[in-house]
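Subject: Structure handover

Hello,

Here is the structure for you to take over. Please open it alongside this note.

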Amino acid sequence: MLEKLIKRTFIKPLYRVSILNPDESVSHIIDSRDILEDGISYNEEYQNGQRRSVTLKLANPHGQYSPSINGIWLDAKFSLDVGLVYGKRIIWFPKGVYVTGDVTSTDNDSEKVVSIQLKDKYAVFESKMGTLHESYEIPVGSDIADAIRGILNFSMGNGYILDYKQPILDPSFLGRKTQSTIRVEEGGNLGQLIDALATQLSAEYYYNNVGNLCFYPVNETIDDSNKPVIWVYDKLKSSMSNLTLNYKNEEVINVIKVVGDNIDNGICSAVAENNNAESPICIQRIGRRAAPKYTEPNIWDDKLAKDKANYYLRQHSFVGVDFSVNVGFNPVLAVNNIVEVENKFIGLKREKLLITSISFSSVDGLTTLKLCNVKELPFMLWGD
């Protein structure tokens, strides 16, 4: 049923924007008639930490959305849902929880509009709110899950905590302890603490589409061999347009070195290389192209250094040769997932492509994807 809905010739998605209470229960839903025709711009990037952002434009004839301490203010949270009409029902898909960024209120003869930059919920850890006013230390042997919950429970100083939702950790992380002391000095931020804890777990971390901070093993998130194909684009002209290939020759990297901490008078380190014979940017084809070494003080053994090096190498591989393409609105697409594409003109024979970026606008619902051919990544060899 859902596939038939999305494959319709014309899809006009609906948008629901909610203003949330501090505990992220819904305070009230913004009247959809106040969302301008170009009032929603959504972007999602595959990276740790902040993945999503939204620009929201609202008609503001009576000043009801103008910034005020009794309305939309610095600590306001929002959620975004996109909907598809099915008969007399609307099927809603959550697209993230956000905190208020910059707000611009315009009042002139032709329009009264407010534009709100909505930032990924993770932004609070890297913002002024997440700045440390004194050094913060997580001792060696601390339970990592408890340390993460402790950060989320930081007081904002106004009677509320940073995040009321429980984090989601892969079951393999439960019971894990810090293997070295983590310390961030005054003037640093809570995001640095989270990154250090994730590094000791060898984890990828981000907020999911309903507002839970998630931690998953890097070795699983970068393993493309087990990922299902979530969508197939087998007829270019009917479902895809404006496909372009970007060859960023100056940004091609196929060697990464990560250097960790000094443990027992030995420096932890590892090197990751692209030796995938099917990759057009492997060392055997174009020689060694190394990035400056990464220094990671919270890495305490060579295995963690290797995991981090593999992760960075895969991230760098996205930019060497990437695809950009417009597709019809599709709410099931998400970054770090696989779609299958056929395009004879550029030699794609049902190739598996990894989604690295998604953006869409309420103007037409058209979705722009950035994709990377899985065969070009450093580690995976797909069969026919």
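In which strand is Gly101 found? Gly101 sits in strand 6, which runs over residues 89-107. Bear in mind throughout that this is a predicted model.

Gly101 has a relative accessibility of 18%. The cut-off for buried is under 20%, so Gly101 counts as buried. Leaving out residues up to four places away in sequence, Gly101 touches Gln117 and Lys119. Val341 is 240 residues from Gly101 along the chain, and their C-alpha atoms are separated by 37 Å.

**Largest pocket**

Strand 6 comes up again here. It gives the largest share of the lining of the largest pocket, four residues. The space in this pocket is about 850 Å³. Its lining has 34 residues, and the closest to the pocket centre are Trp73, Leu74, Asp75, Ala76 and Thr100. Two or more lining residues come from each of strand 1 (14-20), strand 2 (26-29), strand 6 and helix 2 (123-126). For setting up your own runs, here is the lining by class: 18 nonpolar, 10 polar and six charged residues.

**Nonpolar cores**

The largest nonpolar core holds 67 residues. Ile30, Leu56, Phe78, Leu333 and Val339 have the most contacts inside it. Helix 8 (residues 302-320) supplies the largest share of this core, seven residues.

What does Leu333 touch, beyond residues up to four places away in sequence? The list is Lys95, Ile230, Trp231, Tyr233, Val327, Val339, Ile355, Ile358 and Leu369.

**Aromatic pairs**

A search of the whole structure gives 13 aromatic pairs. One of them joins Phe329 and Phe360. Their ring centres are 5.3 Å apart and their planes stand at 85°, so the pair is edge-to-face. Phe329 is in the loop between strand 18 (321-327) and strand 19 (338-343). Phe360 is in strand 20 (residues 348-361). The pair therefore ties together parts that are 31 residues apart in sequence. Both partners are buried: Phe329 has a relative accessible area of 4%, and Phe360 has a relative accessibility of 6%.

There is also a cluster linked by ring pairs. Its members are Tyr122, Phe125, Tyr205, Tyr207 and Phe215.

**Arg51**

Is Arg51 buried or exposed? Arg51 is buried, at 7% relative accessible area. Its place is the loop between strand 3 (35-45) and strand 4 (52-59). Neighbours within four places in sequence aside, Arg51 contacts Asn43, Glu44, Glu45, Tyr46, Asp120, Glu204, Tyr206 and Val335.

**Positive phi**

Most residues other than glycine have a negative phi. Two residues to check against that:

- Ser202 has a positive phi, near 55°. It is in the loop between helix 4 (190-201) and strand 11 (203-207). Ser202 is buried, with 12% relative accessible area.
- Asn336 has a positive phi, near 60°. It is in the loop between strand 18 and strand 19. Asn336 counts as buried, at 11% relative accessibility.

Best wishes

Definitions and conventions:
Residues numbered from 1 in each chain as written. Predicted model: local features only at pLDDT ≥ 70, side-chain atom pairs only at ≥ 80, totals over all residues. Heavy atoms only, no water. Core = buried A, V, L, I, M, F, W, Y, C linked by side-chain atoms within 4.5 Å. Buried < 20%, exposed > 50% of the residue type's maximum accessible area, 1.4 Å probe, protein only. Contact = heavy atoms within 4.5 Å. 1 Å grid on protein atoms, 1.4 Å probe; cavity = no way out; pocket = protein on both sides within 12 Å on 5 of 7 lines; lining within 4 Å. Points joined across faces, edges and corners; volume = space filled by probe spheres on them. Nonpolar A, V, L, I, M, F, W, Y, C, P; charged D, E, K, R; others polar. Phe/Tyr/Trp six-rings, centres within 6.5 Å; stacked < 30°, edge-to-face > 60°.
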